[in-house]
Amino acid sequence: MSNEQEHVTEEHAKTGLILAGQERPTQLYVIPIQGRPFLPAQILPVQIQADPWGITIQKVAKTTHKMVALFRVSDDYSEDKHLQNFVPKTGCCVRILQANSGEHDIQFVAEGIQRVEITEWLTTQPPYLVQVRYVELTQDEADTEIKAYAMAIISALKELLPINPLYSEELKQYLNRFSPHDPAPLADLSAAITSANGEELQDILDTHELIPRMKKSLAILKKEIEVAKLQTEIREEVNKTISERQREFFLKEQLKVIQNELGLAKDDKTAEIDSFQERMKTRIVPEAVQARFDEELKKLQILETGSPEYAVTRNYLEWISQVPWGVTKKDKIDLKKARRILDRDHDGLDDVKDRIVEFLAVGAYKSDISGAIMLLVGPPGVGKTSIGRSIASSLGRPFFRFSVGGMRDEAEIKGHRRTYIGALPGKIVQALKECQVMNPVIMLDEIDKLGISHQGDPASALLETLDPEQNINFLDHYLDLRLDLSKCLFICTANTLDSIPPPLLDRMDTIRLSGYLAQEKLAIARHHLWPRQLERAGVPKGKLTITDGAIRGIIEGYARESGVRNLEKQLAKIVRKSVVELLQDEDQPINIKASSLEHYLGSPLFRKEKSLSGVGIVTGLAWTSQGGATLPIEATVVHQQGRNLKLTGQLGDVMKESAELAYSYVSSHLNEFGGDTGFFDKAAVHLHVPEGATPKDGPSAGITMASALLSLALNQAPAKGFAMTGELTLTGHVLPIGGVREKVIAAKRVGIHQIIVPEANRGDVVELPEYVKEGMSFYFALQFKDVVKVLFPKN
């Protein structure tokens, strides 16, 4: 420094003024900062930790220039590391304008002066003192290019300020200190006021040449404008949504006030109360119900809408006002129409249809159908549920169906008490609410599968529901009111009667639906099942057809069960596979023949049964919940070394006793039938009922087992083409059995046309429909001797 410069500096120091650019110390203390770097032309507060940087601030305060170098360091820097390894290429020389110290930190306001670079570290521990070099501005580029970039930056700033007014304060500070035509501070400021990250700003700080620096600042500024525009759009969209909701809310509130002033509107509570009262005006309400309704309504008027009790009372009034008190549907009893509906919806089942028409005829005669509980019993898939719908259709009444299979809680029938959270009325009240009449047709499906648990016995709860003497005062636990169910028509369905409690069964009128014969299944498939499958698949009738022979083939080879549910599944399978073929060749219609069944359904599940015949082989008849079935029984001698009887075939206790009884009877009466009385003393006999994987039980195989054992003892095959059923006593009497129709159908299905049945079942045989008895010969047995005469005529 020359003598003249030193003199000027001393003079200004005396007067307290320091001109910019005249005092630039070559040695500065260094303070690291994290986050964004400090740029020249900025005046910002800086916060640092008192330990270890408090000593540095004190030393800077003792200098005349009050300057310090700020260098940005990365976030992983800490005071126990060497600062030399973390400082970037360029920092900023700042003047401390004001400083305040706290307990743990120091805050000071700094004014950016000029870029600096460290040339030498004078100390390696805090306070750090370094030798610096000031970065001078190089302006080799043409003035016109600099002006162009400066104008672009100013234009961008003008675009940014209206979008985000927060930047205006920093711009005012800049204009107070610099000229807007000074490009260097303008480039630094335009980058500094943005939300750019520390790395981007450090790049601006490291760029010494003006034109590249202005390019980078302009890019950052443009990016900031795009972000600000997007923020503005989001803010405007949110504000618009909020404004619309506020406007809607204010308008609704104003409308309410206007309507209240004019007496045209009511609050929510008043509107609900009026709604409940309007419903009850259309009902013929019993006095007890009206009194309870009025009482609960008064309670609702007192309660606050936010009270939990309000919701409970409101729900109760909702239910009590939706029960159709006194509303009934007038029956349209036309027997011819009813028969047409039954014939339209069902093929076969003539005896069942006759029974239903008789029931309707009694109602027509007395002009009232009420108090009846019908029970439809039969195998799965025979049309029990659809018959219930047909009855409702023929009466013109609403139909409501719910399944009680697996139900374990009586509250499902009679409702929960109101003390429980989420309490609801029972299914009966729900049925009345949905049908909106007090005399609907209510179907209780699968009543033979009711459960029982610690929560109660639903079967016992149904006693009150189904008993005509009790259901006139049916009590629902939720409503806690008496309802008259005597006008309801209840129809129950079951697969078997064994699991229905006797007191419940005693209250129902049982109608049995036996399985279908092959010709009945054919008619059902042709008139109902096949058209339904075509409709579900959207296939025109002319595009896909099936012959009667194919349907018979499905019935005999794939769907031999008593009902038609599996038959419908097989038809659906054919339709699905045919649709695939139609999509490949839409112009070619498909006709399903018997010869093509294996292509669509695979190998038949059932082959044509061969009637087993020979010594010791007799065909019996059995009844199951799936319908009737044939039951061949085989007996053979294992050895002649001693008396023994072995039973196999998963026989139940009752069937084992029948076998032992038959063995005892035949052994003791063998001489009466012309056999060797000592045969069973020497022979070890094995009695087997085929299909050992299927459990079997029941008393009706007594005469069949006895016949097999007698055939073995006589060494004579029984007459061919016979099947039999009947229970045998120890004295040789043949006792009656059940399921005659199902058993006859099963025999007819496999081609057996001669059946031996107990004499006591003669009436059941007489009552069989003619199409079932057609082609069948029946032999009635009062004692086992009568069976022997038929099977072994030579004896």
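Reader: Where does the largest nonpolar core sit, and which residues have the most contacts inside it?

Author: This is a predicted model. A nonpolar core is a set of buried nonpolar residues joined through their side chains. Here the largest one has 55 residues. Ile447, Leu466, Leu479 and Leu504 have the most contacts inside it.

Reader: What does Leu479 touch, leaving aside its neighbours in sequence?

Author: Skip the residues within four places of Leu479. Its contacts are then Arg292, Tyr316, Trp319, Ile320, Val323 and Val429.

Reader: Now helix pairs. How do α9 and α10 pack?

Author: Start with the angle between the two axes. Helix α9 covers residues 287-302, and helix α10 covers residues 308-322. Their axes are 10 Å apart, at an angle of about 150°. Angles over 145 degrees count as roughly antiparallel, so that is the label for α9 and α10. The crossing of α9 past α10 is left-handed.

Reader: Which residues make that contact?

Author: From α9, take Val289, Arg292, Phe293, Glu296, Leu297, Lys299 and Leu300. From α10, take Glu309, Tyr310, Thr313, Arg314, Tyr316, Leu317 and Ile320. By class, eight are nonpolar, one is polar and five are charged. Arg292 of α9 is in this contact, and Arg292 also touches Leu479.

Reader: What is the angle between α18 and α19?

Author: Helix α18 runs over residues 518-537, and helix α19 over residues 548-557. Their axes come within 10 Å and cross at roughly 120°. That makes the pair oblique. α18 passes α19 in a right-handed crossing.

Reader: Which residues meet there?

Author: Ala518, Lys521, Leu522, Ala525 and Arg526 come from α18. Asp548, Ile551, Arg552, Ile555 and Glu556 come from α19. Five of the contact residues are nonpolar, none is polar and five are charged.

Reader: How does α18 pack with α20?

Author: Helix α20 spans residues 565-584. The α18 and α20 axes are 10 Å apart, at an angle of about 40°. That makes α18 oblique to α20. The crossing is right-handed. On the α18 side are Lys521, Ala525, Leu529, Trp530, Arg532, Gln533, Leu534, Arg536 and Ala537. On the α20 side are Leu567, Glu568, Leu571, Ala572, Ile574, Val575 and Val579. This contact has 11 nonpolar, one polar and four charged residues.

Reader: Which peptide bonds are cis?

Author: One joins Asp51 and Pro52, with omega about 15°. Pro52 is in helix α2, residues 50-61. Another runs from Pro126 to Pro127, with omega near -5°. Pro127 lies in the loop between β5 and β6.

Reader: Where is Glu446, and what is its phi?

Author: Glu446 is in the loop between β9 and α16. Its phi is positive, near 55°, though it is not glycine. Its relative accessibility is 27%, so Glu446 counts as partly exposed.

Reader: And Asn715: buried or exposed?

Author: Exposed, at 61% relative accessibility. Asn715 also has a positive phi, near 55°. It sits in the loop between α24 and β20.

Reader: How many residues of α25 are buried?

Author: Nine of the 10 residues of helix α25, residues 740-749, so this helix is largely enclosed by the rest of the structure. The buried ones include charged residues: Arg741, Glu742, Lys743 and Lys748. After α25 comes Gly751, with a positive phi near 90°.

Reader: What does Asn761 touch?

Author: Leave out residues up to four places away in sequence. Asn761 then touches Pro736, Ile737 and Val740. Val740 is one of the buried residues of α25. Asn761 itself lies in the loop between β23 and α26. Under 20% counts as buried, so Asn761, at 1% relative accessibility, is buried.

Conventions. Residues numbered from 1 in each chain as written. Predicted model: local features only at pLDDT ≥ 70, side-chain atom pairs only at ≥ 80, totals over all residues. Heavy atoms only, no water. Axes fitted to C-alpha atoms, helices over the stretch in contact; angles between N-to-C directions. Helix = DSSP H or I, 4+ residues; strand = E, 2+ residues; numbered from the N terminus. Parallel < 35°, antiparallel > 145°, perpendicular 65-115°, else oblique. Left-handed = near helix turned anticlockwise from the far one by under 90°. Contact = heavy atoms within 4.5 Å. Core = buried A, V, L, I, M, F, W, Y, C linked by side-chain atoms within 4.5 Å. Buried < 20%, exposed > 50% of the residue type's maximum accessible area, 1.4 Å probe, protein only.
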